[in-house]
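Subject: Structure handover

Hello,

Please find the structure below. My notes on it follow.

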Amino acid sequence: MGNEGKIQRYTGLSIIIFLLFAELIDWLTSFYFSISEAEGFLIDLAVSFVYITLVFLVFKGLKNAAEDLDGHKKRLKNIFDTLDVAIWSHDLKSGTLLITTGIEKLYGHSSEEFYQDNTLWKKVIHPEDLHILAEREAGFSRGEAVTSIYRIIRPDGEVRWIQDRGIPVIDDNGKFVDFTSVLFDITDRQESEGRYRSLVEMSPDLIAVYSRGKLDYINEAGCRLFKAESPAELIGQPISKLIPSDVLSRIKNRELTIDEDFEEKLWFKFKATQIDGQEIDVEMSAMPILYEGRMAEQIVGRDLTQRKKAEKTIKYMAYYDVLTGLPNRNMVRKHLNAALSTGSEMLAVLFLDLDRFKIINDTKGHRFGDLLLKVVASRLKNAVKDQGLVSRQGGDEFIIVLKAVSREQVIEIADRILNEFNEGITIEGQELFVTPSIGISMAPEDGQDEETLIKHADTAMYLAKDNGKNNYQFYTTQLHGLSSRKMELENGLRKALEQNQLMLHYQPQFNMETGRIIGVEALVRWMHPEKGLISPAEFIPLAEETGLIVPLGKWVLEKAAAQNKEWQEKGCKPIPISVNISVRQLQEERFIDTVKQVLNDTQLAPKYLDFEITESVMQNSEKTARILDQLKELGITLAIDDFGTGYSSLSLLKHFPIDKIKIDKSFVDDIIHHSNQGAMVKTIIDMGHNLQFDVIAEGVEEQEQVAFLLKNGCVIGQGYHFSRPLPVEEMEELLFKNTKHEGILQ
């Protein structure tokens, strides 16, 4: 019973008491005149007391009822004030308008403004939502309660979502005479639902819901996955059209409920059929949910087809040389180890190096050199036939493994190889003559493991070069004490570090869209006092093998950092300088301390120093990751150099703090000179962007390559098309020009 009911109850009770009191007075009066005077006085006193008591009780009851009503009103007001809710009641006959104070919190306008203008609530509705007014009026005219959701614009410009439940009153004549609205602020709910919808619709993964064997919902990514034009094309269709029956059976037969852990969802990998009948590889998870009040299954999936192709490509890249199609060093070592593990047959390792190749490569360019290497690979396979494995190690070095052969058979094959190169090789109309120098080691007498056999064959190859090139030499134990070119270079390199024979050249990296220089790579050069300029391709591998790469790398780092700081102090625009870091350097215990010392000595900000490392660092992932993390903490940028030429698992690569990948020149050349027309480059670019790496193309030599790279999202390029490696003075001049102008590419 409400407070008004309590007042009515007390009022009725008072009337009854008053009537009873009147009857009692009449009776007492009659009785009073029938007794003595003393007795009448006592009775009169008692009657007065009863009368006063009854009146007190009546007024106390009325007061309590009023206080209860007032208390309920205050509590109700407090409830409305704490909620984002308002009540609007409008008597259209009398024009009486009642509005709770909650309207002020919702709309940001005072109650007085609404009383002065009872159409104000319409005026603040967002222009895009004004269409709801006609819908509300139509529903009210039919006597229907209408729930509307619309946006309003508050005086401070803030947009809020309102849920408006309007309840009309229709009189006996069917006339709309009164209505009441209850208004709620549902902004948080709407925005939360909007964010969820955006995440679902914008997700690159398939997200779908199905129940009772049919598809209830699918997002745009799911439509693209199954090649549907729109969700309407799939919704309502049997889910068995999209997901194989064996997968559906596993989902159906499980005993999971929506109360179980999210981690207990099921994972599947299967082949799905698209609308056009094509099969794709799909990875999918499924978990039970409530959807529109009923049990359903939510599935999240993605197309693995491209990833599998990429993994296949990476796997191929791990064991095969992309330029020549020959097995690479990883494959030959695997093959050689397998052959040695049996120990039941003789085998030979031939280490082959092309004479004069470096001169041709430097004078004609890398693209020309690569075309030459392809012809060389073909001639080697033709000479060896099916008697062994021909592999390319890198550069102009090849290794051939011959199994179950005698010394005489090895000589026969070596002679065939030399004969293959008696004829010249024509590249783009130019005839060239290249010859091989071959070193040979035999198992088991020259070694019983792949590393020793390759090393001894390499040593014998240098003897072949010393003996006039274009010949082959077998390894002998006497070679340990003989002076070969390799040994000469090793000794010379030690002196080069002491006698200041080394210098740095610098090759700029360009933003191919703007023409601006955005970085510089430091490249070491060796000017031998007697032999002249020695190619890095010759002495860097030697430095790696002998351990001289550590002091050499430190020298390069110190020089490059100091030079970059000097350019900045002269007024050049600050840009990062890239330095190649070898695996041997990373393995040094004090490498991080060395880097810190260089930064401290040169005062170069770490963000202007880039380290380029090769994919081979992945082989010792745990230690390498720890070192790279320390470098990142210093603020140094990290790049993978010659990406794609070594072995790097994507599952490992994504765990390294890498910022950039540099596409190897051999892939860039394929843009023009390979049947795949740059498909490998596009794959690497896409993969790099998916892993959130910056992508740099190396060895850019043609405008056609520039156009292809820009079209596919690679904007940074480096190569002879832009600039050869420059001495410090020429590089400095170019940097000043870059500082003064927006771009220097013509």
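This is a predicted model: local features need pLDDT of at least 70, side-chain atom pairs count only at pLDDT 80 or more; totals for chains, interfaces and linings use all residues.

Residues are numbered from 1 along each chain as its sequence is written, and side-chain values use heavy atoms, with hydrogens and water left out.

Cavities

The structure holds two cavities of 30 Å³ or more. A cavity here is a set of points, on a 1 Å grid over the protein atoms alone, where a 1.4 Å probe fits but cannot get out; lining residues have an atom within 4 Å of a point. Points are joined across faces, edges and corners, and the volume is the space filled by probe spheres set on them.

The largest cavity has a volume of about 60 Å³. Its lining consists of W88, I103, Y107, W121, R136, D164, F179, S181 and L183. Two elements, α3 (102-107) and β5 (176-185), each give two or more residues to this lining, and β5 has the largest share with three residues. Helices (H or I, at least four residues) and strands (E, at least two) are DSSP runs, numbered from the N terminus. By class, six lining residues are nonpolar, one is polar and two are charged. Ala, Val, Leu, Ile, Met, Phe, Trp, Tyr, Cys and Pro count as nonpolar, Asp, Glu, Lys and Arg as charged, and the others, Gly among them, as polar.

The second largest cavity holds about 50 Å³ of space. L323, R367, D370, L371, K374, S666, D669, D670 and H673 line the second largest cavity, with α13 (366-384) and α23 (665-673) each giving two or more residues. This lining has five charged, two polar and two nonpolar residues.

Helix contact

α23 also packs against helix α25 (residues 703-711), at an angle of about 105 degrees and with the axes 9 Å apart. The two helices are therefore roughly perpendicular (65 to 115 degrees). V668, D669, I671 and I672 of α23 meet E704, Q705, F708 and L709 of α25 (contact means heavy atoms within 4.5 Å).

Aromatic pairs

There are eight aromatic pairs, counted where ring centres of Phe, Tyr or Trp (its six-membered ring) lie within 6.5 Å. In one, W88 and F114, the ring centres are 6.0 Å apart and the planes at 90 degrees, so the pair is edge-to-face (planes over 60 degrees apart). W88 is in strand β1 (residues 85-91) and F114 in helix α4 (residues 111-116), 26 residues apart.

Regards

Notes:
On a 1 Å grid over the protein atoms alone, a cavity is a set of points where a 1.4 Å probe fits but cannot get out, and a pocket is an open set with protein on both sides within 12 Å along at least five of seven lines; lining residues have an atom within 4 Å of a point. Axes are lines fitted to C-alpha atoms, for helices over the stretch in contact, and angles run from 0 to 180 degrees between N-to-C directions. Angles under 35 degrees count as roughly parallel, over 145 as roughly antiparallel, 65 to 115 as roughly perpendicular and the rest as oblique. Rings of Phe, Tyr and Trp (its six-membered ring) pair if their centres lie within 6.5 Å; planes under 30 degrees apart count as stacked, over 60 as edge-to-face and the rest as tilted.
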